[in-house]
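Could you walk me through this protein structure step by step?

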Amino acid sequence: MKVTVFGTGYVGLVQGAVLADVGHDVVCVDIDAAKVAALQAGRVPIHEPGLAPIVQANQAAGRLRFTTGAAEGVAHGELIFLAVGTPPDEDGSADLQHVLAVARTIATHMAAPKTIVNKSTVPVGTADQVAEAVRAVLQQRGAPIAFEVVSNPEFLKEGAAVADCKRPDRIVIGTGSAAAEAQLRELYAPFNRNHDKIVVMDVKSAELTKYAANAMLATKISFINEIANLAERLGADIEAVRRGIGSDPRIGYHFIYPGVGYGGSCFPKDVKALIHTAKGVGFTPDVLLAVEQRNGAQRRVLAERIVAHYGGDVRGKTVAVWGLAFKPETDDMREAPSRALLQALWAAGAQVRAHDPVAMDEARRLFGERDDLVLCDTPLEALQGADCLAIVTEWKIFRVPDFDQMARLLKDRMVFDGRNLYEPAVLARHGLGYESIGRPG
Ligand code: UGA
């Protein structure tokens, strides 16, 4: 099928590449000329396992093209995906200006019926706004061309985006149109072979499904973080409690790992947006408000613990930080808990020596040159001259360090672990002090 994707961020680029990979004819449009030029040259601007090879292979096969030409893009696709960003406004609501701008662009250029498929995470009711925007432009043009607006939310995880997109656990299609449903069933047939993963519903329910999924996952994380705080104060071990509750299939083992709070471009933004939506209809979302509040507090836990360890004064101390990305296998630092930690340490007068396996360029871009930050090429280099170590991201490479060397290098022989990577007894054996999340010291 002929498909056009507007927006080559995580969602659009991965979706476009994966659709091309099963044989669809895909054109990706972006207004960022530098990004499009890089993609045309086969350079993928984000770190996402498995993405570059499928982009390059499908480009070579002529099934995947990149352009800044909106008119060309609109003419190409019978299905046109909206995969542009919806950053939070100051009040937490999702900013729809990009989505609506693309809607108007489509309406300006379309000469034949189109199915507009919304992949961006947008508040309930956005499909109606998109339809309204398209209709208004068509009316101005005096061009009564048929179109549908479908909600088809994306559930991929960064770091596993290609795999998630190739093997979705469900494909949600929000539409009241049998013709649009048939088109999307045909599009997704290669991903829907073993059992039917397609869930068809009305547009608004599909839009809410996306928020409900992320809010539910964020709730699990804030819940376990709350219990971790409680475990610490009661002398219990959250890791034992986690295994104890996860074994109940109704609870499950996923997304109950305690840590330094959820980050990234989705959970913080989507929880805020859903709160805003709820308030907009006169409803107080008590659970979501608490989820967000716990997450804000959780991001401060590691810094508070380090400062408390040094009796309230970390001036002149150097903290090694392992992990800057908001989670492993990505270079994304949007809303990363590491940023909250660094800012708090800097505000308290500490120096930081940081390492991340892939987010170093991003850190350089975000922080620039500063006297209180040294970005180190290896985990070991970060430890050199540091007083203590703080672990923020659970990259595999941090899981089995040389503890003897760690003990030799860290002047105060102290490890603050925001991801519970180690067994406390092991660190004790190597002469290292250890504080983690929700466990006895
Ligand atoms: C999330 C969802 O998992 C995807 O299903 C969804 O499609 C995506 O948002 C989106 O809306 O686009 P993502 O933001 O890539 O995906 O990252 P996650 O793997 O969900 O992790 C989010 C945050 O939660 C990370 O900071 C992670 O460290 C934290 N987390 C996760 C925990 O603290 N504990 C856990 O047990 C799990």
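Strand β1 (residues 2-6), helix α1 (residues 10-21) and strand β2 together form a right-handed β-α-β unit. Here helices (H or I, at least four residues) and strands (E, at least two) are DSSP runs, numbered from the N terminus. A crossover is called right-handed if, with the strands pointing away from the viewer, the path from the first strand over the helix to the second runs clockwise. Before going further, keep in mind that this is a predicted model, in which local features need pLDDT of at least 70 and side-chain atom pairs count only at pLDDT 80 or more, while totals for chains, interfaces and linings use all residues. Residues are numbered from 1 along each chain as its sequence is written.

Now look at how β2 is held between its partners. Two strands pair if DSSP finds at least two bridges between them. On one side, β1 and β2 run parallel and are joined by 5 bridges; Thr-4, for instance, has Val-27 in β2 as its bridge partner. β2 also runs parallel to strand β3 (residues 64-67), with 4 bridges joining the two, and there Val-26 has Leu-64 of β3 as its bridge partner. How many residues of β2 are buried? A residue counts as buried if 20 or more other C-beta atoms lie within 10 Å of its own, as exposed if 12 or fewer do, and as partly exposed in between, with C-beta atoms placed from the backbone. In β2 (residues 25-29), 4 of the 5 residues are buried, so this strand is largely enclosed by the rest of the structure.

Next, find the ligand. It is surrounded by 20 residues, and the closest are Glu-158, Tyr-257, Tyr-262, Gly-264 and Cys-266. A residue is near a molecule or strand if its C-beta atom, placed from the backbone, lies within 6 Å of it. The shell around the ligand divides into 11 nonpolar, 5 polar and 4 charged residues. In this scheme Ala, Val, Leu, Ile, Met, Phe, Trp, Tyr, Cys and Pro count as nonpolar, Asp, Glu, Lys and Arg as charged, and the others, Gly among them, as polar. Helix α9 (residues 203-234) gives the largest share of the shell, 3 residues.

An unreviewed entry has the annotation "binding site" for Asp-30, Lys-35, Thr-86, Thr-121, Glu-158, Lys-269 and Arg-334. They span 305 residues in sequence, and the farthest two C-alpha atoms are 24.2 Å apart, so they do not all gather at one spot. UniProt positions are given in the numbering used here, feature names are shortened, and annotations may be inferred rather than shown by experiment. One of these residues, Thr-86, sits in the loop between β4 (79-82) and α5 (97-109), and Thr-86 counts as buried because it has 22 C-beta neighbours inside 10 Å.

Let us move on along the chain. The unreviewed UniProt entry annotates residues 320-424 as "domain: UDP-glucose/GDP-mannose dehydrogenase C-terminal". This span is 30% helix and 18% strand, and its end C-alpha atoms lie 19 Å apart. Strand β9 (residues 318-322), helix α14 (residues 337-347) and strand β10 make a right-handed β-α-β unit. From β10 the chain then crosses through helix α15 (residues 360-367) to β11, and this β-α-β crossover is right-handed.

The pairing can be followed strand by strand. β9 and β10 run parallel, joined by 5 bridges, with Thr-318 opposite Gln-351 in β10. β10 and strand β11 (residues 373-375) pair in the parallel sense over 3 bridges, and Val-352 stands opposite Leu-373 in β11. In β10 (residues 351-355), 5 of the 5 residues are buried. In a regular strand the side chains alternate between the two faces of the sheet. Both faces of β10 are covered, with Gln-351, Arg-353 and His-355 buried on one side and Val-352 and Ala-354 on the other.

Finally, visit the loop between β9 and α14, where Ala-336 is found. Ala-336 is buried, with 28 other C-beta atoms within 10 Å.
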